[in-house]
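Welcome to a short tour for your viewer.

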Amino acid sequence: MSTIDNKVPHGKPLKDTWTSYKDKVDLVNPANKRNLDIIVVGTGLAGGSAAATLAEQGYNVKAFCYQDSPRRAHSIAAQGGINAAKNYQGDGDSTYRLFYDTVKGGDYRSREANVHRLAEVSANIIDQCVAQGVPFARDYGGLLDNRSFGGVLVSRTFYAKGQTGQQLLLGAYSAMNRQIARGKITMYNRHEMLDVVIVDGKARGIITRNIVTGEIDRHSAHAVVLGTGGYGNVFFLSTNAMGSNVTAGWKAHKRGAYFANPCYTQIHPTCIPRSGDYQSKLTLMSESLRNDGRIWVPGRKEDVDAIRNGSLKPTQIAEENRDYYLERRYPAFGNLVPRDVASRAAKERCDAGFGVNATGEAVYLDFASAIVRYGKEQATIKGEKNASESRIKELGKDIVKAKYGNLFDMYKQITDDNPYETPMMIYPAVHYTMGGIWVDYNLMTTIPGCYAIGEANFSDHGANRLGASALMQGLADGYFVLPYTIGAYLSYDIRTGPISTDSPEFEAAEKEVTKNMEFFVNNKGTNSVDYYHKKLGNIMWEKCGMSRNEKGLNEAIDEIAALREDFWKNVSVPGYANELNPELEKAGRVADFLELGELFAKDALDRNESCGGHFREESVEVGGPQDGEAKRDDKNYAYVSAWEYKGKPSEAVLHKEQLEFKEIELKQRSYK
Amino acid sequence: MKDMNLTLKIWRQKGANDKGKMIDYQVAGISEHMSFLEMMDVLNEQLINSGDSPVAFDHDCREGICGSCSMFINGEAHGPVKGTTTCQLHMRSFKDGDTIYIEPFRAKAFPVLKDLVVDRSSFDRIQRSGGFISVNTSGNTQDANALPIPKQDADLAMDAAACIGCGACVATCKNSSAMLFVGAKISQYALLPQGQVESKTRAQNMVAQMDAEGFGNCTNTGACEVECPKGIDLSNIARMNREFLGGSLKG
C-alpha cells in the first residue's frame, strides 16, 4: 500500500490557496491554445460547462454525448437548487460556512482544499448563470430568492421552480451552442466513449462508437476530460437516467486511473416507492419538499395494518397516533437532517414494520400542516380575519402549489394520488455516487492528461453530499476550476503538434473495442442484458445498500464475480454491431457495472466504519445520547481509498490518500 | 384493476433508408401502475427471449424532463394524457383489450433512424443559430442581484424556458412547424434584460435556421400548445413574431 500525492499547494492558509494557485499557474498563450485539442466526454453541467469555457478560451474542443442532444444529459433532472455562499438573505452565510457545512455534511471524508475552492467559486456561478439568462426564482422586489436545504442552517439555495438542473444545463448548453456555431466545439451526439487511449504514458484520445451506425472511431487530443456522471445504475434501480453508466470512467480505471471510494453512495430519502418488479427506474421528489413536508409513520401497528389493507386512510389517523420520527429523534434539525440520516431513519421504521404501503417500504411526507400555516399567513396578509378552515386551506394550497406545483403534478402523474389531499408516500433510493475517479487538486486523474470533473470524480462531497451541492460542483469544476488547472498541463504541450490516430496504441484500443462488440452480438446466449443487470442490482441493494456488514459484503463479492462469469458465457444480445442497437449499448455498460460492483463491495468491506452514506452495522454508537447512530473511526479511516486496477476487481490494490484537516476540527455529526 | 392484455401496432423500420411498416404484437399481464415505457420494456424482453429484434425507441431520464422520449400514441404526441411525456404516461390510461397504435414523431425535419427513433438534430442547429446570450463564462460578470428583474417577467421567462425540446409540437402540427419550440427560446431571452441586447438579431437568425431545416409555417391551429407536455403557450409564438418583425424593421 502506498500513499498518493494530491498536489494541493502548500505554504498558504487554506483561504488563500486557490487565489495563490491562480496567480502562479502556468498559462497557455492565446495563439498556442489554437493548436491544442481537448476531448470532453459528457455534456452535463460539468462536461457542458467545461467544453464551453475551454472553447471560449481558444482550445479546440471535441465534445461527446451518448444522448441525441447535449441538452439531455441527466443533470437536467436535478430539481431542487444550487448552493452558493452569496449571503443575500443576511442569515450568516459565508464562504467559510459553506465550506464547513460541506465538509461536515460529507462526514469529514472530503479533501479540505478542494471543498474550500468550491465554496469560493460558488458565488461566481450564480452571477454567471444570471448573465446567461437562467431564469432563477425571484421575489417581488426583483431580486433572487433562496430556499433552505437539508443539513444546513442558512438559506443559500438558488432555484428555478423545481427544474433548477434543467435551467442550469440549458445555460451551459447555450454557452456550448455559441461555441459550436463558432466552430470551436465539434459536437458528437449519439457517440459513446468505449476506451481511452494512452500514448507514451499520457491520455491522448478516445475510441468511440457511433450509436446510430455502429462505427468505431478514433479521436485524438492533447488532453481528455471525463464529465461522465455517476454510477448509481450499478443498483439497476436508481434515480439516474436509463443510459447513465460507468463505462467511460471504468475504461479509464482499467487504463490506469485510480477509482476512489466506490462504496460512497447517496441514498436519497424522498423518492417515489417501487410499485412492482417491472419497475425500470425510480423517481426522486426534490429534497426541498422537506422544508414544508413532515415525515411520519403510524405510531401503532394496528393502524399500519389497517392502512395496508385499505380500511384506514392516513388523514384519519389522529395527531397523537403519528410518529414524526425525524422530529422525535433529531429535534434540532427535524425533517431537515442530511440525506443519509433521513434515509436510514426511514429504513429503521420500515424494518420495524411501520412501512405504509403494500411492500412495507414507504413512509409519509405530509403537507397538511404547511398548507394550514401558509393559509393563515395569507389570510392575515389579505386581511381576512375570520377566514374559514376551508378558505385557509384553499389559500395555503395556492402557496404550496406555487412552491412545489410541478413536483406535486409529477407525483400525481406517477401514483394517481393527490398530494394536496393525502400525504405523499416516499422511500429512499440510490441517487448519487460521491465516489468516482480519483483526482488531484488539478482535477487530473492518475493518468497524465486525463481529467475527471463533476459527479465522475470523487473529490468534494466526502462520504455524503449535501442537497443542492451537485449542481454547484459540476459547474464549479467546468466553468471555473478546470479551465485554470488544465492550462498548467497543456503549457508543456505547446510544441507537441497534432496527435496522430495512426499509432499502434490507437490501433490496439480500437481493435479491442471492435472485438468486444463482435463478441456480444455473436454470443447468442440465453439471458438478456437486463436479466443480469437486475440480478446485479438486487445483490447491490440487499448487501451494499443502506446498511452493510462483513458477511453480506463477502457474499456480494462472490455473487457478483459468479454473476459476471455467467454474463460472459450466457448473455444474449440481438441484432448487429453495425446498427442502432440499444441492447448492445446496454451490454457494454452492464459488463462494466459487473466489475465495478465487485470493487464497490470490496471497498465497503475495507472501510469498517460508518461514515456518511456508508453505514457499517459493526460500527455504531452504543449508549449515551447518540445510541444507535453511525460511528465514524477517524483514527483508522480518515483516508481516501484509491483503487488501482490489476486485471480484475478482486486483485485491485488499495492506495491511501491520508486526509488532513487543518481548518476544521473533526467532530461527530450531531443533528439532534 | 386486473392486469391487461393489449394489442400493440408498432411502426418497425430497420434503418433510415429502409421502408417501414406497422407490425402487430401482443402483450399480457400489464399492470396499470406501469409506465408506458415499462410496458415497452416488457414487450422488448419478450421479443429478445423469443429471438426477435426489440423495438428501438429514445428514452433516458424517464421522469419527464430530458425530452428524449417521443412516440405518437393512438394519434397523439406522447399519448392521450395532457401535459405528459410518454415516459410519464401510465398504463392506467388504457384498458384491458385495447389496441394501441405506436408510431414515431413524423416530420420532414425529423427523419426516422430506426423504428420509433427519430433524428431531432435540427433542433440543436436552430439553437446554435442564436439560442444563447453572447457572454463569456469568465465568472466576472456583474453581481447577480445588480439588475432586479420584475418577478412577473422572470416567471414568464421560466415558463418559456421549461421547454424540453422533445418535438411534440412539430410532430403534432399539420404543417410540422417548429414555431412553439423556437418561440419559447426567443421569449425566454426577450423577457430578460440580459437577453434583450441581442433579441432582434436572435429572432432573425433562429427563424432563418428554422426555415432552412424544412419546418413548416404556423397557421394558428394551436395543436402544438395542446400537445406540449410542458404547457408552453401560444403567446410565445406571438412574442417571437414581434421580435422578428422588430428585427426586420431595424434592417
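**Stop 1: the salt bridges**

Over all chains, the count comes to 69 salt bridges. Keep in mind as you look around that this is a predicted model. Side chains of opposite charge can pair when their charged atoms come close. Let's visit a few of these pairs.

Select Arg255 and Asp195 of chain A. Their side chains meet in a salt bridge, with 2.6 Å from N to O. Where do the two partners sit in the chain? Arg255(A) is in the loop between α7 (247–254) and β10 (259–260) of chain A, while Asp195(A) belongs to strand β6 (residues 191–199) of chain A. The pair links distant parts of the chain, 60 residues apart. Asp195(A) counts as buried because its relative accessibility is 5%, under the 20% limit. Arg255(A), at 34%, counts as partly exposed.

Next, select Arg589 and Glu585 of chain A. Here the salt bridge spans 3.6 Å from N to O. Both residues lie in helix α17 (residues 582–606) of chain A, four residues apart, which is about one turn of the helix.

For another setting, go to Lys662 and Glu660 of chain A. Their side chains form a salt bridge at 3.9 Å, N to O. Lys662(A) is exposed, with a relative accessible area of 62%, and Glu660(A) is partly exposed at 48%.

To finish this stop, select six residues together: Asp107(A), Arg109(A), Arg607(A), Glu609(A), Arg632(A) and Asp634(A). Salt bridges link them in a network.

**Stop 2: a buried glutamine**

Select Gln79 of chain A. You will find Gln79(A) in the loop between β2 (60–64) and β3 (82–83) of chain A. Gln79(A) counts as buried because its relative accessibility is 5%, under the 20% limit. Show the neighbours: leaving out residues up to four places away in sequence, Gln79(A) touches residues including Lys161(A), Thr164(A), Leu284(A), Met410(A) and, from the other letter in your chain list, Glu63(B). Then zoom in on Ser286(A), another residue that Gln79(A) touches. The backbone nitrogen of Ser286(A) lies 2.6 Å from a polar atom of the Gln79(A) side chain.

**Stop 3: where two domains meet**

Now colour two ranges of chain A: domain 1 (272–428) and domain 2 (503–618), as given by the domain assignment. Their C-alpha centres lie 36 Å apart. How many residues of each domain are in contact with the other? Seven residues of domain 1 of chain A touch seven residues of domain 2 of chain A.

Together the two domains bury about 570 Å² between them, 67% of it on carbon and sulfur atoms. Select Asp340(A), Arg344(A) and Lys347(A): they supply 63% of the area that domain 1 of chain A buries against domain 2 of chain A, more than any other three residues.

Between these domains there are zero salt bridges, and one residue pair is in polar contact across the interface. On the domain 1 side, α10 (339–351) and β15 (424–433) of chain A each give two or more residues. α10(A) gives the most, with four residues. By type, the residues on this side divide into two nonpolar, one polar and four charged.

Notes. Residues are numbered from 1 along each chain as its sequence is written. Chains are lettered from A and ligands numbered from 1 in the order in which they are written. This is a predicted model: local features need pLDDT of at least 70, side-chain atom pairs count only at pLDDT 80 or more; totals for chains, interfaces and linings use all residues. Side-chain values use heavy atoms; hydrogens and water are left out. Domain bounds come from an automatic or database domain assignment. Contact means heavy atoms within 4.5 Å. Buried area is the accessible area (1.4 Å probe) that two parts lose on being put together, summed over both. A salt bridge is a side-chain nitrogen of Lys or Arg within 4 Å of a carboxyl oxygen of Asp or Glu. A polar contact is a pair of N or O atoms within 3.5 Å; within protein, one must be able to donate a hydrogen and the other to accept it, and residues adjacent in sequence count only if both atoms are side-chain atoms. Ala, Val, Leu, Ile, Met, Phe, Trp, Tyr, Cys and Pro count as nonpolar, Asp, Glu, Lys and Arg as charged, and the others, Gly among them, as polar. Buried means under 20% relative accessible area, exposed over 50%, partly exposed in between (1.4 Å probe, protein chains only).
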